[in-house]
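Q: I'd like to go through this structure with you. Can we take it piece by piece?

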Amino acid sequence: YKFDPVVASKLGENTEEVDWLWEPYIARDHISLLVGFWKAGKTTMLTQFLASTADGGNLGGKIKPCKVLVITEESDTIWGGRTRKLSLGDNIHFATRPFKGKPSNANWEMFCDEVAEYCAENKIDLVLVDPWQHVDPSDNENEASQMSRALAPLHVITEAGCAIMI
């Protein structure tokens, strides 16, 4: 816990510019949320984004070359097919189906600590969680206090220097 207020004119004085990995959607040290209807193409769009992360590119905004950890409910087989089809490189790491069911809050917090450590060791720039419901430890995503408790452990990952896209 840290309480250290500053006046408006001092905001951002001691920080660098935003480090966009995909401008203006994904920034280092921030959590971004991608929402859309079920089967609307969110994973397909993110797969196209991943294809640009090895060398950089443009997909409705500039993409920096970066290393990505994908945490996904989909199988190795599905992602293996996408990897071959789009020639995804080894700059992309995968953690497929890390939980066999809904994680407890304690398991979720330990998992976030392990992800942060892995990201620091492997110089990962972005953690991509697809979908959130697969790792969300809360019983009710419509309960703000449960969601706040579920999202809080993600900050250990951003503090390790990563961006997060859910």
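Q: Let's start with a strand pair: which residue in β7 does Val68 stand opposite?

A: Val68 stands opposite Ile92 in β7. This is a predicted model, in which local features need pLDDT of at least 70 and side-chain atom pairs count only at pLDDT 80 or more, while totals for chains, interfaces and linings use all residues. Residues are numbered from 1 along each chain as its sequence is written, and side-chain values use heavy atoms, with hydrogens and water left out.

Q: In what sense do β6 and β7 pair, and over how many bridges?

A: The pairing of β6 and β7 is parallel and runs over five bridges. Two strands count as paired if DSSP finds at least two bridges between them, and the elements themselves are DSSP runs numbered from the N terminus, with helices being H or I of at least four residues and strands being E of at least two.

Q: What's the strand order in the sheet?

A: The open sheet is formed by five strands in the order β3-β9-β8-β6-β7, with parallel pairing. The edge strands, each of which pairs on one side only, are β3 (31-32) and β7 (92-96). In general, strands of a sheet pair through backbone hydrogen bonds, either parallel or antiparallel.

Q: Which residues in β8 are the bridge partners of Val68 and Thr72?

A: Val68 has Leu126 as its bridge partner in β8, and for Thr72 the partner in β8 is Asp130. Strand β6 (residues 68-72) and strand β8 (residues 126-130) pair in the parallel sense over five bridges. With β9, β8 pairs in the parallel sense over three bridges, and there Leu128 stands opposite Met165.

Q: Are the residues of β8 buried or exposed?

A: All are buried, with Leu126, Leu128 and Asp130 pointing one way from β8 and Val127 and Val129 the other way. Buried here means under 20% relative accessible area, exposed means over 50%, and partly exposed lies in between (1.4 Å probe, protein chains only). Because five of the five residues of β8 are buried, this strand is largely enclosed by the rest of the structure.

Q: And which way do the β6 side chains go?

A: Val68, Val70 and Thr72 point one way from β6 and Leu69 and Ile71 the other way, and all are buried. Five of the five residues of β6 are buried, so β6 is largely enclosed by the rest of the structure.

Q: Which strands does helix α1 lie across?

A: Helix α1 (residues 42-51) lies across β6, β7, β8 and β9 (163-165), and runs at about 160° to β8. Helix α3 (residues 105-122) lies across β6, β7 and β8, running at about 155° to β6. Those angles, from 0 to 180 degrees, are between N-to-C directions of lines fitted to C-alpha atoms, for helices over the stretch in contact, and contact means heavy atoms within 4.5 Å.

Q: Switching to pockets, what volume does the largest pocket have?

A: The largest pocket has a volume of about 750 Å³. Among the 25 residues that line the largest pocket, the closest to its centre are Lys42, Asp130, Pro131, Trp132 and Gln133. A pocket is an open set of points on a 1 Å grid over the protein atoms alone where a 1.4 Å probe fits, with protein on both sides within 12 Å along at least five of seven lines, and lining residues have an atom within 4 Å of a point. Grid points are joined across faces, edges and corners, and the volume is the space filled by probe spheres set on the points.

Q: Which element gives the largest share of that lining?

A: That is α1, with four residues in the lining of the largest pocket. At least two lining residues come from each of α1, β8 and α4 (144-151).

Q: Now the cysteines: how many disulfides does the count come to?

A: The count comes to zero disulfides, a disulfide being a pair of cysteine sulfur atoms within 2.5 Å. For Cys112, the closest cysteine sulfur is in Cys119 at 10 Å, which is too far for a bond. Cys119 is in no disulfide either, as the nearest cysteine sulfur, that of Cys162, is 3.7 Å away.

Q: Is Cys119 buried or exposed?

A: Cys119 is buried, with a relative accessible area of 2%, and Cys112 also counts as buried, at 1% relative accessibility.

Q: Last one: where is Asn91 found, and which residues does Asn91 touch?

A: Asn91 is found in the loop between α2 (76-86) and β7, and is buried with a relative accessible area of 14%. Not counting residues up to four places away in sequence, Asn91 touches Thr53, Ala54, Cys66, Lys67 and Val68.
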